[in-house]
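Please look over the sequence and the structure shown below. The text after them goes through the parts of the chain step by step.

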Amino acid sequence: VMAGGWTIAADSARRQISDRLRGIAEVAAETIPYYLETGQGILLGLASPDIFNLQQEALHAALQDDLQSLPYFNQLFAFDAEGYPITGYPVSNVDDLNLSAREYSGIALALNGIPVQVYPANPTTANGSAQTAFIAAAIDDQGQVQGVLVGKTDFYTNPFSQPLIKAFDELVAVEGHGIILDDEKTILYHPVPSLVMTKYNGEIPGSEGFYEDISPDGTRQLV
């Protein structure tokens, strides 16, 4: 009887956890595309060719106003039509951005007319989230690129990703956690900040569903 009781209790607990994980997966399926689409749309709207006619000080002020009036990005930076850095807000020195080779390649593509791109980027703070770098070309009416605007944000602070972050926080009550991966298995969000932007070594199933895996400490976990 005791063995049977434990089996029933274990099955019930598994169903409850499975239901919670399924709900979070649904939140992720809604939140992440919206987060990415919104960022692309906002940055394309900000990347007006007109701002690249401004002097550096005026451009800096314009980027400050854009960032503070639209609660999405935490960094904006402008590059001219030759790819040289102009200024940004709050960081105005490009060296302080620590742009990756992939981001510089994205800027080069934007200078060749690619309207908007999105890349994962190294975190700047230990909040458990990689940055998301959005890169938009400022294209005039003649189809000429007048400059490139880079906007950065992260899952932890962005208002559009908060439903997913809050859902992850609720997993703590059942000793669980949530992780966000990109299509190359790079960790973009993890409760252990040192693992962000490293490769995920766990199993990735080929179809939807739950499976049991072994955590780094040797315990079984439902994924």
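Predicted model: local features only at pLDDT ≥ 70, side-chain atom pairs only at ≥ 80, totals over all residues.

**A walk through the chain**

Gln75 is buried, with a relative accessible area of 6%. Burial here means a value under 20%, so the 6% of Gln75 places this residue in the buried class. Gln75 lies in strand β1, which covers residues 75-80. The side chain of Gln75 reaches the backbone nitrogen of Val91 at a distance of 3.1 Å. Leaving aside residues up to four places away in sequence, Gln75 touches Leu67, Gly88, Tyr89, Pro90, Val91, Leu97, Val150, Gly151 and Lys152.

The mean pLDDT of the protein chain is 85, and 81% of its residues reach 70 or more. Residues 1-10 have a pLDDT below 50, and this stretch has zero contacts in the model beyond near neighbours in sequence.

Now consider the chain as a whole. The secondary structure comes to four helices and nine strands. Along the sequence, these elements follow the pattern α-α-β-β-α-β-β-β-α-β-β-β-β. The protein chain has 223 residues, of which 38% are buried.

Side chains of opposite charge can pair when their charged atoms come close. How many salt bridges does a search of the whole structure find? The search finds one. Glu103 is in helix α3 (residues 101-111) and Lys152 is in strand β5 (residues 145-154), so the pair links distant parts of the chain, 49 residues apart. Both Glu103 and Lys152 are buried.

A search of the whole structure finds ten aromatic pairs. In one of them, the ring centres of Tyr35 and Phe134 are 6.5 Å apart and the planes are at 65 degrees; the pair is therefore edge-to-face. Tyr35 lies in helix α1 (residues 2-46) and Phe134 in strand β4 (residues 131-139), so this pair ties together parts that are 99 residues apart in sequence. Tyr35 and Phe134 are both buried.

Phe134 also pairs with Tyr72. Their ring centres are 5.9 Å apart and their planes are at 75 degrees, so this pair is edge-to-face too. Because Tyr72 lies in the loop between α2 (56-69) and β1, while Phe134 lies in strand β4, the pair ties together parts that are 62 residues apart in sequence. Tyr72 is buried, as is Phe134. Ring pairs link Tyr34, Tyr35, Tyr72, Phe73, Phe134, Phe155 and Phe160 into a cluster.

The last stop is Thr186. Is Thr186 buried or exposed? At 8% relative accessibility, Thr186 counts as buried. Thr186 is placed in the loop between β6 (180-181) and β7 (187-189). Not counting residues up to four places away in sequence, Thr186 touches Ile180, Leu181, Met197, Thr198 and Lys199. Thr186 and Tyr200 are 14 residues apart along the chain, and their C-alpha atoms are separated by 6.1 Å.

Key
Residues numbered from 1 in each chain as written. Heavy atoms only, no water. Salt bridge = Lys/Arg side-chain N within 4 Å of Asp/Glu carboxyl O. Helix = DSSP H or I, 4+ residues; strand = E, 2+ residues; numbered from the N terminus. Buried < 20%, exposed > 50% of the residue type's maximum accessible area, 1.4 Å probe, protein only. Polar contact = N/O pair within 3.5 Å; in protein donor to acceptor, adjacent residues only side chain to side chain. Contact = heavy atoms within 4.5 Å. Phe/Tyr/Trp six-rings, centres within 6.5 Å; stacked < 30°, edge-to-face > 60°. pLDDT = per-residue confidence, 0-100.
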